[in-house]
Amino acid sequence: MSFFGFGQSVEVEILLNDAESRKRAEHKTEDGKKEKYFLFYDGETVSGKVSLALKNPNKRLEHQGIKIEFIGQIELYYDRGNHHEFVSLVKDLARPGEISQSQAFDFEFTHVEKPYESYTGQNVKLRYFLRATISRRLNDVVKEMDIVVHTLSTYPELNSSIKMEVGIEDCLHIEFEYNKSKYHLKDVIVGKIYFLLVRIKIKHMEIDIIKRETTGTGPNVYHENDTIAKYEIMDGAPVRGESIPIRLFLAGYELTPTMRDINKKFSVRYYLNLVLIDEEERRYFKQQEVVLWRKGDIVRKSMSHQAAIASQRFEGTASLGGR
């Protein structure tokens, strides 16, 4: 920041101790672009140094204190002024005084709780970042560095198949089955559709993966539906007794784990939408929720003990059985 024509007299940089070895992950920014950020897990320590480089070595820099913060916050786009912080840690690096030469300050946030996955959506953003601040009388010097957090899970104990019968009386009766109700992000959805009665001329059939983002509470609830994938099952008319297999690979799509009531601010849910279109362009569909989770079988060697424990959690919900 620069006010009253005075330029910033110091360059601030945040450097992580394990920057060379730490994995990076792609994450979507607000404008839809993808960028790479350092990847962390729940329970991992965040440590490094704040480097201050004076632009004019002959000039001293007076300040009212230097600090670094680790922040996890949720921002709802329709309420831009309010940032809802669910993690807020502060370390004071220097008392008020002056800096006469470039220097660096070490910091460490030990075994930091990072309860939610980083997320950038249509109406909401959940982000984690480090913020270094040099407090000054007129204007603070602030430097931020975003990181990405992934929540890990293990295989759910209960994972029943989904079986459903749907139809229109005396016209159409089909039975469909998906092999599981919970899938990890690189999983394959395997299923089949069985036609028990066909008296309307169906010309097309597909499965859509729909992401539903819900933000707000009470009267101010916003739902945003996004079709992530369309998978054609059949092109042409089925006959009675015909069985059609389904194999849908999730790895190629941009998916996040299912997120339910995150900090009482938002949810992200996924649905499989079975769509049938007849020759008169009428659409028949049946929607079924599935739970998505991030596989955490391989725990990084550098992960702390707390992170390893966190990876054992499954953040899904009760099994979605057939009806």
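Trainee: Which residues do ring pairs link into a cluster?

Mentor: This is a predicted model, in which local features need pLDDT of at least 70 and side-chain atom pairs count only at pLDDT 80 or more, while totals for chains, interfaces and linings use all residues. Residues are numbered from 1 along each chain as its sequence is written, and side-chain values use heavy atoms, with hydrogens and water left out. Rings of Phe, Tyr and Trp (its six-membered ring) pair if their centres lie within 6.5 Å; planes under 30 degrees apart are stacked, those over 60 edge-to-face and the rest tilted. The cluster linked by such pairs consists of F70, F86, F107, F109, Y116 and Y128.

Trainee: How many aromatic pairs does a search of the whole structure find, and why is the pair of F86 and Y116 classed as it is?

Mentor: The search finds eight aromatic pairs. In the pair of F86 and Y116 the ring centres are 5.0 Å apart and the planes meet at 70°, so the class is edge-to-face.

Trainee: Which parts does that pair tie together, and are its two residues buried or exposed?

Mentor: Strands, like helices, are DSSP runs numbered from the N terminus (strands E, at least two residues; helices H or I, at least four). F86 lies in strand β7 (residues 83-94) and Y116 in the loop between β9 (103-109) and β10, so the pair ties together parts 30 residues apart in sequence. Buried means under 20% relative accessible area, exposed over 50%, and partly exposed in between, with a 1.4 Å probe and protein chains only. By that definition, F86 and Y116 are both buried.

Trainee: What are the geometry of the pair of F86 and Y128 and its separation in sequence?

Mentor: The rings of F86 and Y128 are 5.5 Å apart from centre to centre, with 85° between the planes, an edge-to-face pair. Y128 lies in strand β11 (residues 124-134) and F86 in strand β7, so the parts tied together are separated in sequence by 42 residues.

Trainee: How many bridges join β17 to β18, and what is the bridge partner of I207 in β18?

Mentor: Two strands pair if DSSP finds at least two bridges between them. Strand β17 (residues 202-215) and strand β18 (residues 222-235) run antiparallel and are joined by twelve bridges. Within β18, I207 has as its bridge partner Y231.

Trainee: Which residue in the hairpin of β17 and β18 takes a positive phi?

Mentor: The hairpin has six residues between the strands. The residue with a positive phi, near 85°, is G216.

Trainee: What is the phi of N263, and how does its accessibility class follow?

Mentor: Most residues other than glycine have a negative phi. N263, in the loop between β20 and β21 (266-278), is not a glycine, yet its phi is positive, about 55°. Its relative accessibility is 27%, so N263 counts as partly exposed.
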